[in-house]
Amino acid sequence: MQGIDGSPSGAAEQFRQLQALLRDRWQSVELFDTSAADIVVVPSLSLDQRELLKIEGFHHYEERLLFSLIRLRNPRTRLVYVTSQPLHPSVIDYYLQLLPGIPFSHARDRLLLLSTYDSSHRPLTQKILERPRLMERIRQAVKPNLSYMICYNSTLSEQALSVDLGIPLYALDPDLLQWGTKSGSRQIFAEEKIPHPDGSPVLWTVDDLAVAAAELWERQPHLKRMVIKLNEGFSGEGNALLDLRLIQDFEPGTATHRERVKKLKQQFDLLRFESKGETWERFSSRIPELGVIAEAFIEGEVKRSPSVQGRITPLGEVEILSTHDQILGGPSGQIYLGCRFPADERYRLHLQELGQRVGNNLAKKGAMERFGVDFVAVHQPDQPGKPEWDIQAIEINLRKGGTTHPFMTLKFLTNGRYDFSSGLFYSQQGRAKYYIATDNLQKDRYRGLLPNDLMDIIAQHQLHFDTSTETGTVFHLMGCLSEFGKLGLTSIGNSPQQAEGTYNHLVKALDEETRPVSEEHRPSLVSPFSMGW
């Protein structure tokens, strides 16, 4: 991308000047959240496309930012939402009907849906940049002095789109992307003296990886396992586990360094990959492109994966938004499946403090908007002089993640507030709120369900979110359902037990409605003719 003066640096400078408008326009967090604005939502997954292919239905993940439609509860907000393929009308209707106190037609008139009509496996932002007429429609749809753009993650493509449209992007400057990699995260943890596993810097060859793994083992001779991570992997899909217990004859003190390096290199063929169907041949081919690190695997009988989320405002202020206990899956529990809010009360305030330190560091480096920090927490009871939970930082995410849309959905629906002193979220009525959320409720039996089928099931079993009690379930990723049998949801309650009970009730209802069809049991459908069609 070139700027007016024809240089890449010119584009970068224009981008920063546009971002500076956000600082001038909003003098406080409250004004930024509540002022009239024209918001352009570009939910592009501008990540490595080969890595994205490991996630079933990833092209539907553009729907994850549909929680942004709830911003239309502000009667002066207008919103432009761009997708690769058109969204099903019933999905849009579903979100707009969640808005309390706003007539459906009023909200719909302030929403412009645009599509590239391009289903290719390329980031949405690139598709938009290739369509000048579409870009002109976006320009004409918003007021330049009141608009800004949000995205899933920020790269040079989003920078180019921001500059070409003349719309400031409320997101990370791509020049700072290194701080969201595995190695960049480790550097920030070291700068802030935040405990984190021993490991290597970023590496670019298999030979260097073998050497670094041997050196890590020599520093930690009692290490049982280590994790091999693609430096720019995400959601745990780029991780693999190396079991050192299989090669104890080469542990420190029983073999030379050179022998250990050679043996470790041979063991790479036996790595246990988190991503289904991954092979060493494919994994190793990505190392020169994405980089790789070796890191000590944290063992523990009782182990959790909490996280903290925050944002850095255009004014450079750091705000902690939430804490979660993540729900992980995969062969060794490293793939993100879902989360519970809030994190356990025994460590969530400590997570906030660590997240604040990371946020302050990022703010000094010039970062803006979302950040998240993932941890591993190991229970260590009855150890004098040690805390009950050993907390180790794992990585920083400088983008919206799997915990972003559940929390923002709760915030926009209830117009409540996060209480930093307790780590709880309170509705306007002063009631604490809890939820369990997932992007990965997936079963083969759900395949073939259309969005309208889901709406029928929601209505029949009363699974909808009730705005009067502010409890129930909010759905997303509905486009994934028919092809992949996959659905996202956030089940909200007034206690952890109620949130989990709501979630379990929903799963039971879906299972019941997707039992094998027989003459005695057929899905209950409403005839379109009875509705006057």
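Pro 342 sits in the loop between strand E12 (335-341) and helix H14 (348-364). Helices (H or I, at least four residues) and strands (E, at least two) are DSSP runs, numbered from the N terminus. A cis peptide bond joins Phe 341 and Pro 342, with omega at about -5°. The model is predicted: local features need pLDDT of at least 70, side-chain atom pairs count only at pLDDT 80 or more, and totals for chains, interfaces and linings use all residues. Residues are numbered from 1 along each chain as its sequence is written, and side-chain values use heavy atoms, with hydrogens and water left out.

Phe 341 also belongs to an aromatic cluster, together with Phe 407, Tyr 418, Phe 425 and Tyr 435. The structure holds 13 aromatic pairs. Rings of Phe, Tyr and Trp (its six-membered ring) pair if their centres lie within 6.5 Å; planes under 30 degrees apart count as stacked, over 60 as edge-to-face and the rest as tilted. The rings of Phe 67 and Phe 412 are stacked, because their centres are 6.2 Å apart and their planes stand at 25°. Phe 67 lies in the loop between helix H3 (49-52) and strand E2 (78-83), and Phe 412 in helix H15 (residues 404-414), so the pair ties together parts that are 345 residues apart in sequence. Phe 67 and Phe 412 are both buried. Buried means under 20% relative accessible area, exposed over 50%, and partly exposed in between (1.4 Å probe, protein chains only). The rings of Tyr 94 and Tyr 95 have centres 5.4 Å apart and planes at 85°, so this pair is edge-to-face. Tyr 94 and Tyr 95 are buried as well.

Two residues other than glycine have a positive phi. For Asn 415, phi is about 55°. Asn 415 lies in the loop between H15 and strand E15 (417-419). Its relative accessibility is 43%, so Asn 415 counts as partly exposed. For Gln 462, phi is near 55°. Gln 462 is found in the loop between helix H16 (451-460) and strand E18 (472-476). Gln 462 is exposed, with a relative accessible area of 63%.

Arg 186 lies in helix H9 (residues 182-191). At 10% relative accessibility, Arg 186 counts as buried. Leaving aside neighbours within four places in sequence, Arg 186 is in contact (heavy atoms within 4.5 Å) with His 196, Pro 197, Asp 198, Gly 199, Ser 200, Ile 293 and Glu 295. Ala 37 is placed in the loop between helix H2 (29-34) and strand E1 (38-42). Ala 37 counts as buried, at 3% relative accessibility.

The chain as a whole has 18 helices and 19 strands. Its C-alpha trace spans about 80 × 70 × 45 Å along the principal axes. With 533 residues, a compact globule would have a radius of gyration near 24 Å; the chain has 24 Å, which agrees. This radius is taken over C-alpha atoms, and the globule rule is 2.2 Å times the number of residues to the power 0.38. Buried residues make up 57% of the 533 residues. Among contacts between residues at least 6 apart in sequence, 69% join residues at least 24 apart.
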